[in-house]
Amino acid sequence: MNKMILSALSVAVLLSAGNAAAATDPDFKRLDTNNDGLISWPEYAAKNPKSGRLDPRRIFDNVDTNRDGYIDPAEFAEMKRRRDNRKP
Ligand SMILES: [Ca+2]
Ligand SMILES: [Ca+2]
């Protein structure tokens, strides 16, 4: 019994450590519609329809730096950091 609680706790700690970067970021949560902690291309595309010159697929691929097909919280935080640095 205690062992089960302990392992559940360590899983929770591991998960929160891995997603610490942006798991609580409301922008990330808005895009992660199924709440699995990753933004998939369909999730991104649903919230970012193609408009004008901006191609959401190119933006998505740009943010997905390790090319696993998902934007994780660290990649999302890095994208926001780069975007904020561009501001004057
Ligand atoms: Ca998701
Ligand atoms: Ca990725």
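Trainee: How many helices and strands are in the protein chain?
Mentor: Five helices and two strands. Bear in mind that the model is predicted.

Trainee: What pattern do they follow along the sequence?
Mentor: Read along the sequence, it goes α-α-β-α-α-β-α.

Trainee: What share of the residues is buried?
Mentor: The chain has 88 residues, and 15% of them are buried.

Trainee: And contacts? What share joins residues at least 24 apart?
Mentor: 45%, counting contacts between residues at least 6 apart in sequence.

Trainee: Switching topic. Which residues does UniProt list for "domain: EF-hand"?
Mentor: Residues 51–86, and the UniProt entry is unreviewed.

Trainee: Now the backbone. What is the phi of Asn35?
Mentor: Positive, about 55°, and Asn35 is not a glycine.

Trainee: Where does Asn35 lie?
Mentor: In the loop that runs between α2 (26–31) and β1 (39–40).

Trainee: Is Asn35 buried or exposed?
Mentor: Exposed, because 7 other C-beta atoms lie within 10 Å of Asn35, and 12 or fewer counts as exposed.

Trainee: What about Arg67, what is its phi?
Mentor: Arg67 has a positive phi of about 55°, and Arg67 is not a glycine.

Trainee: Which loop is Arg67 in?
Mentor: The one between α4 (56–63) and β2 (70–71).

Trainee: Why is Arg67 called exposed?
Mentor: Because Arg67 has 7 other C-beta atoms within 10 Å, and the cut-off for exposed is 12 or fewer.

Methods
Residues are numbered from 1 along each chain as its sequence is written. Chains are lettered from A and ligands numbered from 1 in the order in which they are written. This is a predicted model: local features need pLDDT of at least 70, side-chain atom pairs count only at pLDDT 80 or more; totals for chains, interfaces and linings use all residues. Helices (H or I, at least four residues) and strands (E, at least two) are DSSP runs, numbered from the N terminus. A residue is buried if 20 or more other C-beta atoms lie within 10 Å of its own, exposed if 12 or fewer, and partly exposed in between; C-beta atoms are placed from the backbone. Two residues are in contact if their C-beta atoms, placed from the backbone, lie within 7 Å. UniProt positions are given in the numbering used here, feature names are shortened, and annotations may be inferred rather than shown by experiment.
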